[in-house]
Amino acid sequence: MVTKTINENKALFECDECHLKFKDQSRAEECEAHCKEHNACKIDIINYAEK
Ligand SMILES: [Zn+2]
């Protein structure tokens, strides 16, 4: 399950598998689904991750 975190009044969604954070919940879910299936992140999803 994707974890919602609040950071500096911004909501971020964290992939529970790789712990990348996204502004967009659907991207975090997409990342997590991909991580679970392939045990790795997808490059084009990483590009949307927040630092
Ligand atoms: Zn992930």
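I count a residue as buried if 20 or more other C-beta atoms lie within 10 Å of its own, as exposed if 12 or fewer do, and as partly exposed in between, with C-beta atoms placed from the backbone.

**Entry 1: the model**

I note that this is a predicted model, in which local features need pLDDT of at least 70 and side-chain atom pairs count only at pLDDT 80 or more, while totals for chains, interfaces and linings use all residues. I number residues from 1 along each chain as its sequence is written.

**Entry 2: overall form**

I looked up the secondary structure and found two helices and three strands in the chain. Helices (H or I, at least four residues) and strands (E, at least two) are DSSP runs numbered from the N terminus. Along the sequence, I read the pattern β-β-β-α-α.

I then checked the dimensions. The C-alpha trace spans about 35 × 20 × 15 Å along its principal axes. The radius of gyration is 10 Å, which agrees with the value near 10 Å for a compact globule of 51 residues. I took this radius over C-alpha atoms, and the globule rule is 2.2 Å times the number of residues to the power 0.38.

Of the 51 residues, 18% count as buried. I call two residues in contact if their C-beta atoms, placed from the backbone, lie within 7 Å. Of the contacts between residues at least 6 apart in sequence, 22% join residues at least 24 apart.

**Entry 3: the sheet**

I found an open sheet of three strands in the order β1-β2-β3, with antiparallel pairing. β1 (3–7) and β3 (21–22) are at the edges with a single partner strand each, so one side of each has no neighbour in the sheet. I treat two strands as paired if DSSP finds at least two bridges between them.

β1 and β2 (residues 10–14) run antiparallel and are joined by five bridges. In this pair, T3 stands opposite E14 of β2, and I6 has A11 as its bridge partner. β2 and β3 also run antiparallel, with two bridges between them. Here I located F13 opposite F22 of β3.

**Entry 4: turns and loops**

I looked up the connections next. β1 and β2 form a hairpin with two residues between them. E8 lies in the loop between these strands, and its phi is near 50 degrees, a positive value in a residue other than glycine. Is E8 buried or exposed? I count E8 as exposed because it has 5 C-beta neighbours inside 10 Å.

The hairpin of β2 and β3 has six residues between the strands, and H19 in its turn has a positive phi of about 65 degrees.

N39 lies in the loop between α1 (25–38) and α2 (43–46). I recorded a phi near 60 degrees for N39, again a positive value in a residue other than glycine. N39 counts as exposed, with 9 C-beta neighbours inside 10 Å.

**Entry 5: the core**

Which residues make up the largest nonpolar core? I listed seven: F13, C15, L20, F22, A28, C31 and I45. Such a core is a set of buried Ala, Val, Leu, Ile, Met, Phe, Trp, Tyr and Cys residues joined through C-beta atoms within 7 Å. In soluble globular proteins, nonpolar side chains tend to be buried together.

A28 lies in helix α1 and is buried, with 25 other C-beta atoms within 10 Å. Not counting residues up to four places away in sequence, A28 touches V2, F13, E14, C15 and F22. A28 and K10 are 18 residues apart in sequence, and I find 15 Å between their C-alpha atoms.

For C31, leaving aside neighbours within four places in sequence, I found contacts with C15, C18, L20, F22, C41 and I45.

**Entry 6: a residue of β1**

T5 is exposed, with 10 other C-beta atoms within 10 Å. Leaving aside neighbours within four places in sequence, T5 is in contact with L12 and E14. T5 and K21 are 16 residues apart in sequence and 8.8 Å apart in space, C-alpha to C-alpha.
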